Amino acid sequence: PAACRGYLLQLETDGILSPLQREIVIDRLVALESDKYGDEVDIDRLKWLVLMVLSSQPGQEQACARMEDLVFEDSVALPN
C-alpha cells in the first residue's frame, strides 16, 4: 500500500533504514503477502517487520532502538 511505501521512505530519510535494508524489508513484505493468510500489510505490521530486520543485523543497535521507540509509541497511547 501507498502508506507503507511512504513510511519506508520516511524511515530511510530519517536514517533508520539504509537502501539495502529497505530492500530486505520489501523482500520480507512480499513473502508475507504471499503467505496463506493473505492479509494486506499495514503500518503496524511494517513497523514490526522493520524492527525484526534491524535486530537481525549486527551494528544496528541505534537504528533498532529508534525503531523500537516508533513501534512502542503507539502502544503506550492505547488504554488497557
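These legends describe close-up views of a predicted model.

**Figure 1. The overall fold is built from four helices and zero strands.**
From the N terminus on, the elements run α-α-α-α. The protein has 80 residues, and 26% of them count as buried. Its accessible surface comes to about 5,300 Å². Carbon and sulfur atoms account for 56% of that surface. Take the contacts between residues at least 6 apart in sequence: 58% of them join residues at least 24 apart.

The 12 residues of α1 should span 16 Å at 1.5 Å a residue. The end C-alpha atoms of α1 are 16 Å apart, which agrees. C4, Y7, L8 and L11 are the buried residues in view. Just after α1, G15 takes a positive phi of about 80°.

**Figure 2. D14 lies in the loop between α1 and α2.**
D14 has a relative accessible area of 36%. Buried needs under 20% and exposed needs over 50%, so D14 counts as partly exposed. A63 is 49 residues away from D14 in sequence. In space, the two are 9.8 Å apart, C-alpha to C-alpha.

**Figure 3. Helix α2 covers residues 19–33.**
This helix has 15 residues. From its first C-alpha to its last, α2 reaches 21 Å, close to the 21 Å expected at 1.5 Å a residue. Q21, V25 and L29 are buried in α2. Seen down the axis, the buried residues of α2 fall within an arc of 85°, so they line one face of the helix. On the other side of α2, L20 and V30 are exposed. The cover over the buried residues of α2 includes α1 (2–13) and α3 (43–55).

**Figure 4. Helix α3 holds the buried residues L46, K47, L49, V50, L51, V53 and L54.**
The 13 residues of α3 should span 18 Å at 1.5 Å a residue. The end C-alpha atoms of α3 are 18 Å apart, which agrees. K47 is one of the buried residues of this helix. L46 is another. Leaving out residues up to four places away in sequence, L46 touches C4, Y7, L8, V25, L29 and V41.

**Figure 5. The largest nonpolar core has 19 residues.**
Each of α1, α2, α3 and α4 supplies at least two residues of this core. Helix α3 gives the most, with six residues. V25, L46, V50, L54 and M67 have the most contacts inside the core. M67 is placed in helix α4.

**Figure 6. M67 is a buried residue of the model.**
The relative accessible area of M67 is 0%, so M67 counts as buried. Not counting residues up to four places away in sequence, M67 touches Y7, L11, I16, K47, V50, L51 and L54. M52 is 15 residues from M67 in sequence. Their C-alpha atoms are 9.7 Å apart in space.

**Figure 7. W48 and F72 form an aromatic pair.**
The count comes to one aromatic pair in this model. The geometry of W48 and F72 is edge-to-face, with 5.5 Å centre to centre and 85° between the planes. The pair links distant parts of the chain: W48 is in helix α3, and F72 is in helix α4 (residues 61–77). The two residues are 24 residues apart. At 44% relative accessibility, W48 counts as partly exposed. F72, at 38% relative accessibility, also counts as partly exposed.

Note on methods
Residues are numbered from 1 along each chain as its sequence is written. This is a predicted model: local features need pLDDT of at least 70, side-chain atom pairs count only at pLDDT 80 or more; totals for chains, interfaces and linings use all residues. Side-chain values use heavy atoms; hydrogens and water are left out. The expected span of a helix is 1.5 Å times one less than its number of residues. Buried means under 20% relative accessible area, exposed over 50%, partly exposed in between (1.4 Å probe, protein chains only). The arc is that of the directions from the helix axis to the C-beta atoms. Contact means heavy atoms within 4.5 Å. Rings of Phe, Tyr and Trp (its six-membered ring) pair if their centres lie within 6.5 Å; planes under 30 degrees apart count as stacked, over 60 as edge-to-face and the rest as tilted. Accessible areas come from the Shrake-Rupley method with a 1.4 Å probe; for residues, only the protein chains shown count as cover. A nonpolar core is a set of buried Ala, Val, Leu, Ile, Met, Phe, Trp, Tyr and Cys residues joined through side-chain atoms within 4.5 Å.
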